[in-house]
Amino acid sequence: MIIKPEVIVAEEPKALAQKGAEIFCLSADRCINQKRPFRVAVSGGSTPRAMHRLLAAEPCFKKKIWSGTHIFWVDERMVPAGHPASNFGAARKDFLDKVPIPPPHVHPMPFEADPEAGAGAYEKTLKVHFQTVGSDLPVFDLIFLGIGTDGHTASLLPGFSPERSAQRWVLAVKGGDPDVFRLTLNYHLLNQARHVVFLVSGKGKARIVKTIFESQKANLPAQRIKPAGGKLTWLMDKDALSQLDNVDNQMKGSA
Ligand code: 6PG
């Protein structure tokens, strides 16, 4: 059953980052209180960085969540960790090198392998960590996604036919900005999550947000994200929403 998405409007980017960090900590607290690990997959790009930095500051930093938290990625560029385009490198700088998370709980995508081999290796990492059996899929507690101005999410780019690799959990693709080889979680894995949160900020995303919300036939990658049994939240600032005529009021909350 697909639940109607929740839209949370943040006044400006700082409030967006604060709300994102709050969602992260609440989700982690819930798992820890249920005595189970908190598994979260994060995105790259620039939007989540302010939120990531808040995870390494009060109050998140001091919360008793880090020993039970496992960090995964929704996608990665196949560049060294020190490269400015590395999602892992950015996350390390922004919070992972600062929070008391056990190093084995950080599960970067293999960014130095051959792309196809890397995709297979990360699938194995997921299978082992989630101890999936048979055709079970890993269920993340929380996944943060961004959107590109072309409607991509993770590194699921427009024009890519998911049917081509429907069975693969992790895909090796080439393209995006920068135009490099990438690994990305596939749609059916993202849609398995208990909670997916799109983080969208800035006037530059206003047009694609309008298309995503108002033109279902656009058939964009971000529109394929519909967590079957989970919650979908669009956490956006006012600039990102500036071209959207009306968001159903019952969907709208404020940050
Ligand atoms: C990536 C990201 C990608 C990102 C969007 C938005 O590795 O490229 O995962 O999907 O979320 O491109 O990027 P910005 O936040 O920089 O606009």
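Arginine 207 is found in helix 6, where helices (H or I, at least four residues) and strands (E, at least two) are DSSP runs numbered from the N terminus. The model described here is predicted, so local features are taken at pLDDT of at least 70 and side-chain atom pairs only at pLDDT 80 or more, while totals for chains, interfaces and linings use all residues. Residues are numbered from 1 along each chain as its sequence is written, and side-chain values use heavy atoms, with hydrogens and water left out.

With a relative accessibility of 59%, arginine 207 counts as exposed. The classes used for accessibility are buried (under 20% relative accessible area), exposed (over 50%) and partly exposed (in between), with a 1.4 Å probe and protein chains only. From C-alpha to C-alpha, arginine 207 and serine 242 are 8.5 Å apart in space and 35 residues apart in sequence.

We can turn next to the ligand. Of the 15 residues around it, Ser46, Thr47, His152, Ala154 and Lys205 come nearest; a residue is near when one of its heavy atoms lies within 4 Å. By class, this shell has 2 nonpolar, 9 polar and 4 charged residues. In this scheme Ala, Val, Leu, Ile, Met, Phe, Trp, Tyr, Cys and Pro are nonpolar, Asp, Glu, Lys and Arg are charged, and the others, Gly among them, are polar.

For histidine 152, an N or O atom of the side chain is 2.7 Å from a ligand oxygen. For aspartate 75, a polar side-chain atom lies 2.8 Å from an oxygen atom of the ligand, and for arginine 77 the corresponding distance is 2.9 Å. The protein covers 87% of the 420 Å² of accessible area that the ligand has on its own; accessible areas come from the Shrake-Rupley method with a 1.4 Å probe, and for residues only the protein chains shown count as cover.

Alanine 154, one of the residues that come nearest to the ligand, lies in the loop between strand 5 (142-145) and strand 6. Its relative accessible area is 7%, so alanine 154 is buried. Phi of alanine 154 is near 50°, a positive value in a residue other than glycine.

Empty space inside the protein was examined as well. Rolling a probe the size of a water molecule over the atoms shows where empty space is left. A search of the whole structure finds 1 cavity of 30 Å³ or more. A cavity is a set of points, on a 1 Å grid over the protein atoms alone, where a 1.4 Å probe fits but cannot get out, and lining residues have an atom within 4 Å of a point. Grid points are joined across faces, edges and corners, and a volume is the space filled by probe spheres set on the points. The largest cavity holds about 40 Å³ of space. Its lining includes Ser43, Pro48, His52, Trp73 and Asp94. Helix 2 (49-55) and helix 3 (87-96) are the elements that give two or more residues to this lining, and helix 3 gives the most, with 4 residues. The lining divides into 4 nonpolar, 5 polar and 2 charged residues.

Elsewhere, histidine 70 is found in strand 3 (residues 69-73). Histidine 70 is buried, with a relative accessible area of 10%. Its side chain and that of histidine 107 are joined by a polar contact of 2.9 Å, a polar contact being a pair of N or O atoms within 3.5 Å; within protein, one must be able to donate a hydrogen and the other to accept it, and residues adjacent in sequence count only if both atoms are side-chain atoms.

Leucine 16 lies in helix 1 (residues 13-33) and counts as buried at 3% relative accessibility. Leucine 16 and serine 254 are 238 residues apart in sequence, and their C-alpha atoms are 9.8 Å apart in space.

Definitions and conventions
1 Å grid on protein atoms, 1.4 Å probe; cavity = no way out; pocket = protein on both sides within 12 Å on 5 of 7 lines; lining within 4 Å.
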